[in-house]
Amino acid sequence: MNDAATSADAPIADQNLQPFLKLETRGLGFAARAKKLKPGDVLVAIDGEIFTGDAEMLSARMGKPVADHDDNPEVDASELGFTPHLLTFWRSGIVFHVILETRLKASFEVTGPDETLEILRAVQTLKFAPLESYQNFEVFRDIRKNAAMHATDLEEIATIAPVLWMLNHRLYYPMVAVLIVYGITFVAHWFVFVISYVLVSIYTKRAQVDLLRSYKMFEDMFFWMVLAEPGEAEARETCRRFIPDLRFNFEPLPKAKPKTRNPNRLRVTSQQPG
């Protein structure tokens, strides 16, 4: 068995090991903090390609910082013509992805030889879906390991039918408030109702992600992590690599296995008094 493990590691060991970049505590920029990246996270790939370059190569790949401003992602994106990148990180033996819409500002250290080998073994079996299929999910959870998530992509139905969008995401209290506003304005005058409907649609379109975040915090959940996956099923699977017994809201429970009777099992039978 040891010989097999040695032969499996031989292709890696024969390579000229290039260390990966690891995030440090100091200098962690706004974009990294907003995506819930942590010191110690190791950058292993960019857009599905293994990345073993240094900080300067990363800056050239993602866009150099704009001068005369203090870590403003909006300035980075607008002035540099920044395009989003799918970044793959390694954290405590688990690989996950995050889409960054701006450059990654951070201080880095490099991984040691043993850690580099461990990461290379993990990414050897890593498979990527088409890059355009990935989207960011924000995951919230509480201390009892109950969790909820939502995609950060804007949904058109939030503009067309705000009530249906709220019902779909189970935002019951905001939905009731909007229905009350609709009812009062409709009774007052149909034109006032139209104005209120348009205003609510505009507000919901612009604030839909903030509404989802606020409602989850209202349910005593805290912002846990951000990850990018093609769909919710894949995102939940990645979350359970960190916490295996994580429970998501409104997720169907697994079917219980049918009990099989063992005919060879000894059973105690009640004795009737003679």
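The side chains of Glu115 and Lys22 meet in a salt bridge, 2.9 Å from N to O; the term means a side-chain nitrogen of Lys or Arg within 4 Å of a carboxyl oxygen of Asp or Glu. Glu115 lies in helix α5 (residues 113-124) and Lys22 in strand β1 (residues 21-23), so the pair ties together parts that are 93 residues apart in sequence. Both Glu115 and Lys22 are buried. Buried means under 20% relative accessible area, exposed over 50%, and partly exposed in between (1.4 Å probe, protein chains only).

This is a predicted model: local features need pLDDT of at least 70, side-chain atom pairs count only at pLDDT 80 or more, and totals for chains, interfaces and linings use all residues. Residues are numbered from 1 along each chain as its sequence is written, and side-chain values use heavy atoms, with hydrogens and water left out.

**Overall make-up**

- The secondary structure comes to 10 helices and 10 strands. Helices (H or I, at least four residues) and strands (E, at least two) are DSSP runs, numbered from the N terminus.
- Of the 274 residues in the protein, 39% are buried.
- Among contacts with a separation of 6 or more, 67% join residues 24 or more positions apart. A contact means heavy atoms within 4.5 Å.
- The protein exposes about 17,200 Å², and carbon and sulfur atoms supply 57% of it. Accessible areas come from the Shrake-Rupley method with a 1.4 Å probe; for residues, only the protein chains shown count as cover.

**Salt bridges**

- The count comes to 11 salt bridges.
- Arg213 pairs with Asp210, the closest N and O atoms being 3.5 Å apart. Both lie in helix α9, 3 residues apart, about one turn of the helix.
- Arg213 is partly exposed at 29% relative accessibility. Asp210 is also partly exposed, at 43%.
- Glu237 pairs with Arg241, with 3.6 Å between the closest N and O atoms. Both lie in helix α10 (residues 232-242), 4 residues apart, about one turn of the helix.
- Glu237 is partly exposed, with a relative accessible area of 47%. Arg241 is partly exposed at 44%.
- Salt bridges that share partners join Glu138, Asp210 and Arg213 into one network.

**Helix α5**

- α5 has 12 residues and reaches 16 Å from its first C-alpha to its last, close to the 16 Å expected at 1.5 Å a residue. The expected span is 1.5 Å times one less than the number of residues.
- The buried residues of α5 are Glu115, Thr116, Leu117, Ile119, Leu120 and Val123.

**Helix α8**

- α8 has 17 residues and spans 24 Å from first C-alpha to last, close to the 24 Å expected at 1.5 Å a residue.
- Met175, Val178, Tyr182 and Thr185 are buried in α8. They cover an arc of only 100° around the axis, which puts them on the same side of α8. The arc is that of the directions from the helix axis to the C-beta atoms.
- An α-helix has 3.6 residues a turn, so residues three or four places apart point the same way.
- On the other side of α8, Tyr173, Ile184, Val187 and Ala188 are exposed.
- The buried residues of α8 pack against α7 (162-168) and α9.
- Val178 lies in α8 (residues 172-188) and is buried at 10% relative accessibility.
- Leaving out residues up to four places away in sequence, Val178 touches Val163, Met166 and Val200.
- Val178 and Pro162 are 16 residues apart in sequence and 8.5 Å apart in space, C-alpha to C-alpha.

**Nonpolar surface patch**

- Trp190, Phe191, Val194, Ile195, Val198, Leu199 and Ile202 form a nonpolar patch on the surface, with about 670 Å² of accessible area together.
- Patches are made of residues with over 30% relative accessible area and no salt bridge: like charges are joined within 9 Å, nonpolar side chains (Val, Leu, Ile, Met, Phe, Trp, Tyr) within 5 Å.
- Val194 lies in helix α9 (residues 190-218). Val194 is partly exposed, with a relative accessible area of 37%.

**Positive phi**

- Most residues other than glycine have a negative phi, and most peptide bonds are trans.
- Ser92 has a positive phi, near 55°. Ser92 sits in the loop between β4 (85-91) and β5 (94-100) and is exposed, with a relative accessible area of 69%.
- Arg170 has a positive phi, near 60°. Arg170 is in the loop between α7 and α8 and is partly exposed at 31% relative accessibility.
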